[in-house]
Amino acid sequence: MKHLHSGKVRDLYETPEGLLLMVASDRISAYDYVLEPGIPDKGAILTQLSLWWFEQLADVVPDHIAGPGPDARSMLCRPLRMVPVECVARGYLAGGGLGEYRRDGKVSGVPLPEGLEDGSRLPEPIFTPSTKAPVGEHDEPISYEQVVEQVGEETAEELRRITLAVYTRGAEIARERGIILADTKIELGWDSDGVLTLGDEVLTPDSSRFWPADGWTPGRAQPSFDKQFVRDWLMSPESGWDKSSGNPPPPLPDKVVEQTRQRYLEAYERITGRSFNG
Ligand code: ATP
Ligand code: MG
């Protein structure tokens, strides 16, 4: 197979039949660094969770899945021509969206009411697109109008509709399982018939914020099933890492690796109702 691309987390190959093999590794990234060591089973957990979600979303949007891969970490996909926009939906305020709101009362150009805090629920889910930055650069929030300039009104409209529909379906299903889907990022592309199709991974802890619903308290950072745990450890005195030094982070202690693995596992098992067995 021909190696096409390696991102921070995934490796992409082309099969002799012209399909893509997307392999999710156990690598974990934070603050744009790939951390050492990997999180055992993370790749398989994320791939299996994505496959489960693609099925749940089958009547919302067509997807790129062409079949299972040779192992639990991989999936076989139809190649898409990717839309150069990261499609983000937010139902709650956190992360980069919170920063933007505090600066100018808007997120990706969408004005929001005053008085919202860290973790607040938004009046309704909003589409907050960002650029797809080249490797090593940060994705920048862009307004809906900028998306229209890039891809035209008809496609922009479709991107917004599909992104909000995926978020709404995902949030409904997660909520039944006691989990808040705070936000999520999807990637869409055109298939060989020109049909806008859901690509990449979907509704995983790497692409979404999942919060246990019973711990939700706006006004502070929310406990979560994503890698916030790793970020918190890196920023704690215990890690001894100074982010502003420009030095790479220290290796994760076994305890942090194991607890992070538990969080990914719990997200998978709670959402799908299945037990994970590699
Ligand atoms: P990083 O995640 O490290 O910032 P990245 O996004 O380039 O970099 P990955 O997420 O590991 O790396 O790689 C997945 C790549 O494959 C992305 O560029 C994504 O847009 C692309 N992709 C996903 N699905 C498809 C598809 N069906 N056809 C073509 N490209 C796809
Ligand atoms: Mg990516």
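Predicted model: local features only at pLDDT ≥ 70, side-chain atom pairs only at ≥ 80, totals over all residues.
How many nonpolar, polar and charged residues does the shell around ligand 1 have?

**View 1. The shell around ligand 1.** By class, six nonpolar, three polar and six charged residues form the shell; Ala, Val, Leu, Ile, Met, Phe, Trp, Tyr, Cys and Pro count as nonpolar, Asp, Glu, Lys and Arg as charged, and the others, Gly among them, as polar. Of the 15 residues around ligand 1, the nearest are His5, Lys8, Arg10, His64 and Glu187, a residue being near if one of its heavy atoms lies within 4 Å.

**View 2. Polar atoms beside ligand 1.** An oxygen atom of ligand 1 lies 2.6 Å from a polar side-chain atom of Arg10. Nitrogen of ligand 1 is also placed 3.0 Å from a polar backbone atom of Arg78 and 2.9 Å from a backbone N or O atom of Leu80. On its own, ligand 1 has 610 Å² of accessible area (Shrake-Rupley method, 1.4 Å probe), of which the protein covers 79%.

**View 3. The largest nonpolar core.** This core has 68 residues; a nonpolar core joins buried Ala, Val, Leu, Ile, Met, Phe, Trp, Tyr and Cys residues through side-chain atoms within 4.5 Å, buried meaning under 20% relative accessible area (1.4 Å probe, protein chains only). Leu159, Val166, Leu188, Val202 and Leu252 have the most contacts inside it. A second, separate core of eight residues includes Leu93 and Tyr101.

**Conventions.** Residues are numbered from 1 along each chain as its sequence is written, and chains are lettered from A and ligands numbered from 1 in the order written. Local features need pLDDT of at least 70, side-chain atom pairs count only at pLDDT 80 or more, and totals for chains, interfaces and linings use all residues, while side-chain values use heavy atoms, without hydrogens and water.

Note on methods:
Polar contact = N/O pair within 3.5 Å; in protein donor to acceptor, adjacent residues only side chain to side chain. Buried < 20%, exposed > 50% of the residue type's maximum accessible area, 1.4 Å probe, protein only.
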